[in-house]
Amino acid sequence: MSLIDLLTGSTGNQVAEQAEKKFGISKNQIIALLAVATPLVINYLRNKSQDANEAEALNNALDKDHDGSILNDPSQLEARQNEGGSILSHIFGNQKSTVENQLSQNTGISIDKIGPVLAMLAPVIMGYIGKEKQQNNVGAGGLGDLLGGILGGAQNQAQQQQSNPLNDILGSVLGGGQSQSSGNPLNDILGSVLGTGQQKQQGGGIGDLLGGLFGGK
């Protein structure tokens, strides 16, 4: 399953519906947050996996707790929210509040809800990685390449299918489109993390793309 398939398929919709009911946030905002947060999480993990100890710890966590079953059973989401918070704290470390602030500003999800929503989404992202790991029979030493391949595949797919705002968002986040903003702080964070290097192009960036996804708001 590609990253875009995860976001646009039944899993993404079921996750968004459940989060909408719990937090009173629109499905579109949840899906947009998932579209921005998922590649960000994957790239942080890719960077961490360059360290052999971190790669081994991630490999063990995926084998133990993230077999991908949550993708077919999103009812697990609420019960695993505390676990999701711990996952995010480990991944982002002292950058967690900065990431949450920028995601809040750029998705319109209030700062008091962005952390809990991300915590609800984190086990889904880990489940997706775990499933890809199983299907590709990858161990600790291959995690960096696996995660890089997920991002590269999503970038290519977003470039080829830029016919809807969600693909455009992914293209912007992954540096594959012409959507980077001028001075957008989220793009600056994503650019430095993802190493896209083209963060200062003119345009409305993710904010405009989210506006398109939310019906021009």
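In the predicted model, helix α4 contributes six residues to the lining of the largest pocket, the largest share of that lining. Helix α4 spans residues 52–65, and at least two lining residues are likewise supplied by each of α3 (27–48) and α5 (81–92). The lining comprises 15 residues in total, and those nearest the pocket centre are A57, L58, A61, H90 and M126. The volume of this pocket is about 190 Å³. Classified by side chain, the lining consists of eight nonpolar, three polar and four charged residues.

E132 lies in helix α7, which covers residues 111–136. Although E132 is buried, the residue forms no salt bridge. The nearest side chain of opposite charge belongs to K131, at a distance of 6.9 Å, whereas a salt bridge requires a side-chain nitrogen of Lys or Arg within 4 Å of a carboxyl oxygen of Asp or Glu. When residues up to four places away in sequence are excluded, the contacts of E132 are with M1, L146 and I150.

T11 is located in helix α2, which runs over residues 10–23. The relative accessible area of T11 is 7%, and T11 is therefore classed as buried, the cut-off for this class being under 20%. With residues up to four places away in sequence again left out, T11 is in contact with L6, L71 and V124.

How values were computed: Residues are numbered from 1 along each chain as its sequence is written. This is a predicted model: local features need pLDDT of at least 70, side-chain atom pairs count only at pLDDT 80 or more; totals for chains, interfaces and linings use all residues. Side-chain values use heavy atoms; hydrogens and water are left out. On a 1 Å grid over the protein atoms alone, a cavity is a set of points where a 1.4 Å probe fits but cannot get out, and a pocket is an open set with protein on both sides within 12 Å along at least five of seven lines; lining residues have an atom within 4 Å of a point. Grid points are joined across faces, edges and corners, and a volume is the space filled by probe spheres set on the points. Helices (H or I, at least four residues) and strands (E, at least two) are DSSP runs, numbered from the N terminus. Ala, Val, Leu, Ile, Met, Phe, Trp, Tyr, Cys and Pro count as nonpolar, Asp, Glu, Lys and Arg as charged, and the others, Gly among them, as polar. Buried means under 20% relative accessible area, exposed over 50%, partly exposed in between (1.4 Å probe, protein chains only). Lys and Arg count as positive and Asp and Glu as negative; His and the chain ends are not counted. Contact means heavy atoms within 4.5 Å.
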